[in-house]
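Visitor: I am new to this structure and would like to learn how to read it. Please show it to me, and we can go through it by feature.

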Amino acid sequence: MSGVKLDHFNLAILRELQQHPGCAQRELAERVNLSQNACWRRIKQLEEAGVIEARRLVLSRQALGFGLVVFSMIRTRSHSRTWLAAFREHVLGIPEVIDFYRIGGDYDYMLKIVARDIGAFDLIYQRLIDGFEIDTVTSYFAMEALAESRPLPV
């Protein structure tokens, strides 16, 4: 974050963009009490500094038929960089894996997977373990999303 001060205007812009990513620039400028040009310059500075990484559209899992959310915890015996690079590439090739973390604790990796149903998840699981020595896979099935894709507290 080189050279960008997170003053109250920049923080207001960040809050608004998280809550309303498709907001027109004119409307955003009005919401944060800046001119349209000043708002645009600040957004560009925040993007160039890496504070704003991307602007995303949030789709409804339910409307698209992905009613099942699974958190899979993976423990492996292999911890080499080569193995991790191959495993990362493999996992990132499975589009239903929407979040993927290397973690500390009893497990080595945590994946958030979306699927249409348990049968579809089983096929994803088979793809996930195919060709990799994995010690343990434990999966937890979400019953209800109480809060999902929340904005960062800026």
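Visitor: What does a side-chain oxygen of D7 reach at the start of α1?

Guide: A polar contact is a pair of N or O atoms within 3.5 Å; within protein, one must be able to donate a hydrogen and the other to accept it, and residues adjacent in sequence count only if both atoms are side-chain atoms. Here the oxygen of D7 comes to within 3.1 Å of the backbone nitrogen of F9. This is a predicted model, in which local features need pLDDT of at least 70 and side-chain atom pairs count only at pLDDT 80 or more, while totals for chains, interfaces and linings use all residues. Residues are numbered from 1 along each chain as its sequence is written, and side-chain values use heavy atoms, with hydrogens and water left out.

Visitor: Which residues of α1 are buried?

Guide: Helices (H or I, at least four residues) and strands (E, at least two) are DSSP runs, numbered from the N terminus. Buried means under 20% relative accessible area, exposed over 50%, and partly exposed in between (1.4 Å probe, protein chains only). In α1 the buried residues are N10, A12, I13, L14 and L17. They pack against α2 (25-31) and α3 (36-48), where contact means heavy atoms within 4.5 Å.

Visitor: How are the buried residues of α4 arranged around its axis?

Guide: An α-helix has 3.6 residues a turn, so residues three or four places apart point the same way. The buried residues of α4 (residues 81-92) are W83, L84, F87 and V91. Seen down the axis, they fall within an arc of 95°, so they line one face of α4; the arc is that of the directions from the helix axis to the C-beta atoms. On the other side of α4, R81, T82, E89 and L92 are exposed.

Visitor: What do the buried residues of α4 pack against?

Guide: Their partners are β1 (68-75), β2 (97-102), β3 (109-115) and α5 (118-129).

Visitor: How do β2 and β3 run, and how many bridges join them?

Guide: Two strands pair if DSSP finds at least two bridges between them. β2 and β3 run antiparallel and are joined by five bridges; Y101 has M110 in β3 as its bridge partner. The two strands form a hairpin with six residues between them, and G105 in the turn has a positive phi of about 120°.

Visitor: How many disulfides does the structure hold?

Guide: A disulfide is a covalent bond between the sulfur atoms of two cysteines; the cut-off here is a pair of cysteine sulfur atoms within 2.5 Å. The structure has zero disulfides. For C23, the nearest cysteine sulfur is that of C39, 8.5 Å away. C23 counts as buried at 16% relative accessibility, and C39 is buried with a relative accessible area of 0%.

How values were computed. The expected span of a helix is 1.5 Å times one less than its number of residues.
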